Amino acid sequence: MHLALLASLAIGAMAASPAAAQSVLNIGLQDDPDTLDPATNWSFVGRHVLQSLCDKIVDIDQNGQIAPKLATSWEWNDDSTQLTLHLRDDAVFHDGTPINAEAIKYNLERDLNMPTSRRKSEISAISSIDVVDDTTVQINLSAPSVPLLAALSDRAGMVISPKAGEELGENFTNAPVCSGPYKFVEHIAQDHITLEKFADYYDADNYHFDELVFRGMPDSNVRLLNLRSGQLDLIERLAATDVEATEADAKFSVLPVVGLGYYGITFDIGGEGANLDAGKKELVRQAFSLAIDRDALNQVVFEGQAATGNQPFPPQSFWYDKDFPVPARDVEAAKAKMAEAGVDSVDLEVLVPTDAERQQVMQLVQAMVGEIGINISIKPTELMTLLDIARQGKFQAHLVGWSGRVDPDLNITPMLSCGAAGNDAHYCNEDMDKLLAEARALKDPDERKAIYSQVISILQEDLPIVYLYHSKWIFAMDSNVEGFKAYPDGIIRLTGVTAE
């Protein structure tokens, strides 16, 4: 409580009060973003900021369906190897340069070719981009890839100013120039990010704040305390244990939405830090999974508000394979797996972000798997540091979530396909990659689902990720914030949002 109070006082000294600055919206995020470059960003919180900073080619609606943004319409050719985009003609970047077909081509090629890009695996099917005219772009694919359009509804579809991209290069994140409803002012690491309204935005009339201030606060108690004190107007990821009390207070509103993603423990399979037992023996990972009581995790940490899981999709999803239901805890079966693997005990270090929720999840998992001889050492690690370590493969396991995408391929391929930039596990199964490629070529959902069932079968055996649960995105805000809507990807969108 003392730490939370200190955080509140510190922010109070820096932030304008709501009465003094009605046009400022103060937003509390769970972490500080890694980068503000859509090509290199890998943090979920970064997507909150980038949503207001960098427009996308397309977006999603509240039902998870693809919706127009910079592209007002689009069409596929018959074999899904060519996607044609038709662009709006009234959009400009924050530096005044036009958003046209050449700019779209520049951004897609940047995502594909920049050495530090994390978008390449998401759009790797692109073989070339043709500028038909100022408002028409033709994207040619090396292989059919229906998920490409869904990828363009996230960071792969966010566009930056080509002029700024060329001038700033790898330093773009320090002074990003994009095209969204808000433009960059400053980023003070581990403190705040400030954006100001972009007057020339084509839909500026639907954005009602002169300034946005984002603050990273890993402790959900601190975020809530600062909401209650008036230093924040809107927070993401309200702790499930605080929902009931916050809903009962007329000063605040709570808005939950079921997410598209998952939380799980990723094992380093092929990186230099891989544990010789847990990382190299799937039987040990199978034992690990069997030792976990996912229902208990849900009840103790989330008061039953999460969904237990064991696949990249939540059990409510169309894509979930019911032939592999969430397993009940089976200690004896887990011990038998350990014996089959030829090990009595395993010492395993797990990197865990510093927020209280994930720390509690890991402490419960630690106790559960300890009963079968897997001795976990929890290493609390700041999220951005954790992600950097993971990309280098210098870890044994970590507990990190994936926020989820509307297309099932994008819940698997970016994290688990051979050589993908986000493949922390350094896992590679060529048979699975062939199945994923086959599914990407299909338009019919039922035909695709049959292929994903084969993929799930492989993942249940190899377990590079032990999936644990699927959380709700829970937003809380001052009751004077009106018009806010929750989307299944959990991203803050401020179209039409006002505050009295």
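**Figure 1. Asp277 and its salt-bridge partner in the predicted model.** Asp277 is partly exposed, at a relative accessible area of 21%. The structure shown is a predicted model. Asp277 pairs with Lys281 in a salt bridge, with 3.3 Å between the closest N and O atoms. Lys281 also counts as partly exposed, its relative accessibility being 28%.

**Figure 2. Salt bridge between Arg329 and Glu371.** The closest N and O atoms of Arg329 and Glu371 are 3.5 Å apart.

**Figure 3. Salt bridge between Arg215 and Asp191.** The search of the whole structure finds 23 salt bridges. One of them links Arg215 to Asp191, with the closest N and O atoms 3.5 Å apart. Because Arg215 sits in strand S10 (residues 211-216) and Asp191 in the loop between strand S8 (182-188) and strand S9 (192-197), the pair ties together parts that are 24 residues apart in sequence. Arg215 is buried, with a relative accessible area of 4%, whereas Asp191 is partly exposed at 21%.

**Figure 4. Helix H6 and its two ends.** Helix H6 covers residues 220-228, and its buried residues are Ser220, Val222, Arg223, Leu224, Asn226 and Leu227. At the N-terminal end, Asp219 caps H6 through a side-chain oxygen 2.7 Å from the backbone nitrogen of Asn221. Just after H6, Gly230 has a positive phi of about 90 degrees.

**Figure 5. Interface of domain 1 and domain 2.** The domain assignment gives domain 1 as 55-161 and domain 2 as 262-472. Their C-alpha centres lie 31 Å apart. Domain 1 contributes 19 residues to the contact and domain 2 contributes 16 residues. Between them the domains bury about 1300 Å², of which 62% is on carbon and sulfur atoms. Of the area that domain 1 buries against domain 2, Arg118, Ser121 and Pro147 supply 37%, more than any other three residues. Across the interface there is one salt bridge, and three residue pairs are in polar contact.

**Figure 6. Salt bridge between Arg405 and Asp154.** The side chains of these two residues, Arg405 and Asp154, meet at 2.9 Å, N to O.

Notes
Residues numbered from 1 in each chain as written. Predicted model: local features only at pLDDT ≥ 70, side-chain atom pairs only at ≥ 80, totals over all residues. Heavy atoms only, no water. Buried < 20%, exposed > 50% of the residue type's maximum accessible area, 1.4 Å probe, protein only. Helix = DSSP H or I, 4+ residues; strand = E, 2+ residues; numbered from the N terminus. Polar contact = N/O pair within 3.5 Å; in protein donor to acceptor, adjacent residues only side chain to side chain. Domains from an automatic or database assignment. Contact = heavy atoms within 4.5 Å. Buried area = accessible area lost by both parts, 1.4 Å probe. Salt bridge = Lys/Arg side-chain N within 4 Å of Asp/Glu carboxyl O.
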